[in-house]
Amino acid sequence: MGRRLLGVSGEKPKGFMTLGHDSIIAESLSKLRHHGITSVYIGTGYQQSYYECLAQQFLDVQCIYNEAFATTGSMATLRLLQDYIKSDFLLLESDIIYERRALRRIIDAPFNDAILTSDVTSYGDEVFVSSSQNGLLVGMSKNADAIENPDSIFVGISKLSIKTLNCMFDFFDAKQNPALNYEDAMIGVSKKCAINVCNAGSLHWCEIDTPEHLNIARQSVYPAIRRNDDYPLVTRNILLNPGPATTTDTVKYAQVIPDICPREIEFGYILQEVSERITDLVANTEEYVSVLFGGSGTAVIESILSSVIGPNDHLCIVNNGNYGVRMHEIAQIYQLSVVEYVSDPYRAVDVKQLVNFISGSQKNVTHLAVVHHETTTGVLNNLDDISKLCARRNIVLIVDAISSFGAIPINMQQQCIHYLAATANKNLQGIPGVSFVIAARTMLESTKEITPRNLYLNLYNQYNYQETNSQTRFTPPVQAIYALRQALIETNCEGIEARYTRYANCWSVLIDGLKRLRLELLVPIEFQSKLLTTIKEPSHSDYNFKEMHDFLIRQGFTIYPGSLSGCNTFRIANIGAIVPDDIKRFITALTTYFLYKGIIA
Ligand SMILES: *Cc1c(COP(=O)(O)O)cnc(C)c1O
């Protein structure tokens, strides 16, 4: 009820006090969202309609009303959430303001149960915390003298496991005191359930219970939070090359982390989280697994091809572009038994002809490798038809999905894909340096017996090490993995289908603009991915790709040369953290160049 604030907060609940643009509860929700936490339950009481209105603005925020709010403590409200909380969760107060990194700190803490604390301050009304020598919670009280050696103060943000929550409920039920607060229940169960004290040191935060707190918050704490949360904007370049793509500033800044040894368990959890988030985009996390490598996309293609083809296996590589050619080169270097199916680069693979080719092959084809989206041209191959062919013939399907992953929905199980290669820096909108294989576990396990042809890139060994140690075998690109985590959170918030829609809208603007400039496309529309477009160069004598490129780059747009021999083309990709308006501005810049050179009148 916030009685002590009634004079200044009006009729509103405390969470609706405003220090910046938004109420403090809305700012808190947005910070949670930034860290990928979208499912939120708010235990309400006094003036609950405020919270209910707020919840309507979010997809996954729900209010649970405690009608006895005036006479009960926070444990009674938490008890009402029992049926809703299904997994380990964060517990936050509605009346606190805090730096964004506070959440990062407690989410990343390598414990299932933890409370966040900070250095002792003296703004009044603090909850003092004392911890044991090994960092476990021992006591909590508003009275520093009531506990032994108080060493930090409680921030009002906790991370709890279901197991500990249930112990707290048992404790609450046994006590039969409706006024019990959750801090008391934590202390009550702390002997049985280890709750870690996670001291964030000099964190800027405060709880607002009194007009004095509100004053301090306004004068100093909130401005300090904003100074640390609002990073300076980074110059935004629009990369229209097919990856690395334009990233958000939040992804860029996710790389700035305290130095950490990647063999620490805290990093192990990040690795696990990233791996599961990747798998989750295309498969279930029980039967499929993501194996991470430091390296570009080609590294994981090479890893799969060199690791999973046994001595008696026979590989067929579909080639309708340069990335198919590259796979064939890899297969030859490793002296695999391989046959190449060459298909028209201007159109999707003709699956009927591919069936005939495989049927007519002298050796029994056991594995087939195909590029989903041929970045050479922008042709999208029909994965559904190819996967049906493989499923019927029991062929292991390997897919280079490097330039489709994260934009075009893929379901590995339904599409019978056994190995899929992708990277952080294309449609996932992450930073280059890390790439990954997503594999069916049983299939991967069956490659254990194949004599390794390589060390660093061996897929089974990398998988086995990652699974048993929660580490990569060799030094991973630590910061790129943190950025990838943020990129995955943002991918998840947007949704793959919505991302593809955004990209397709960018593409439509591009195609319209190119038409107005009378530029011709290399690939018929029906075979295009809508992620990358290959454009025939104008035949005008004053046209010069390098000059056009340099003109555009000065305006913040990076374009890409063509790579198909025998025809003069350039390429425009429309992936990354871009919107249709960016493409509109690009078309304007391109039009200016064409007018200036007299290519169009
Ligand atoms: C980008 C890409 C790759 C990998 O390229 P790297 O430069 O090694 O990251 C492989 N296949 C396809 C289809 C690609 O688009």
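At what angle do the axes of helix α11 (residues 297-308) and α12 cross, and within what distance do they come? The axes cross at roughly 50° and come within 10 Å.

This is a predicted model, in which local features need pLDDT of at least 70, side-chain atom pairs count only at pLDDT 80 or more, and totals for chains, interfaces and linings use all residues. Residues are numbered from 1 along each chain as its sequence is written, and side-chain values use heavy atoms, with hydrogens and water left out.

**Figure 1. Packing of helix α11 against helix α12.** Helices (H or I, at least four residues) and strands (E, at least two) are DSSP runs, numbered from the N terminus. Axes are lines fitted to C-alpha atoms, for helices over the stretch in contact, and angles run from 0 to 180 degrees between N-to-C directions. The axes of α11 and α12 cross at roughly 50°, which makes α11 oblique to α12; angles under 35 degrees count as roughly parallel, over 145 as roughly antiparallel, 65 to 115 as roughly perpendicular and the rest as oblique. The crossing of α11 past α12 is right-handed; a crossing is right-handed if the near helix is turned clockwise from the far one by less than a right angle, and left-handed if anticlockwise. Thr298, Ile301, Glu302 and Leu305 of α11 are in contact (heavy atoms within 4.5 Å) with Arg326, Met327 and Ile330 of α12. This contact comprises 4 nonpolar, 1 polar and 2 charged residues, where Ala, Val, Leu, Ile, Met, Phe, Trp, Tyr, Cys and Pro count as nonpolar, Asp, Glu, Lys and Arg as charged, and the others, Gly among them, as polar.

**Figure 2. Packing of helix α10 against helix α17.** Helix α10 (residues 265-282) and helix α17 (residues 478-494) have axes 10 Å apart, at an angle of about 40°. The two helices are therefore oblique to each other, and their crossing is left-handed. On the α10 side the contact includes Phe267, Ile270, Leu271 and Val274; on the α17 side, the residues include Val478, Ile481, Tyr482 and Leu484. By class, the α10 contact with α17 has 12 nonpolar, 2 polar and 3 charged residues.

**Figure 3. Salt bridge between arginine 236 and aspartate 582.** A salt bridge is a side-chain nitrogen of Lys or Arg within 4 Å of a carboxyl oxygen of Asp or Glu; the count by this rule is 23. Arginine 236 and aspartate 582 form one of these, with an N to O distance of 2.8 Å. The pair links distant parts of the chain, 346 residues apart: arginine 236 lies in the loop between α8 (211-229) and β11 (238-239), and aspartate 582 in helix α20 (residues 580-597). Arginine 236 is partly exposed at 42% relative accessibility, whereas aspartate 582 is buried at 5%; buried means under 20% relative accessible area, exposed over 50%, and partly exposed in between (1.4 Å probe, protein chains only).

Figure 4. Glutamate 467 and arginine 441 pair through their side chains at 2.8 Å, N to O. Lysine 536 is partly exposed, at 34% relative accessible area. Elsewhere, salt bridges that share partners join Arg4, Lys14, Asp95, Asp125, Lys142 and Asp209 into one network.

**Figure 5. Backbone features in loops.** Glycine 243 and proline 244 are joined by a cis peptide bond, with omega of about -5°; proline 244 lies in the loop between β11 and α9 (249-253). Glutamine 335, although not a glycine, has a positive phi of about 55°. This glutamine is in the loop between α12 (322-333) and β14 (338-342) and is exposed, with a relative accessible area of 72%. Serine 470, also not a glycine, has a positive phi of about 50°. Its position is the loop between α16 and α17, and serine 470 counts as buried at 15% relative accessibility.

**Figure 6. Surroundings of leucine 165.** Leucine 165, in helix α6 (residues 162-175), is buried, with a relative accessible area of 2%. Neighbours within four places in sequence aside, leucine 165 contacts Leu78, Ile85 and Phe89.
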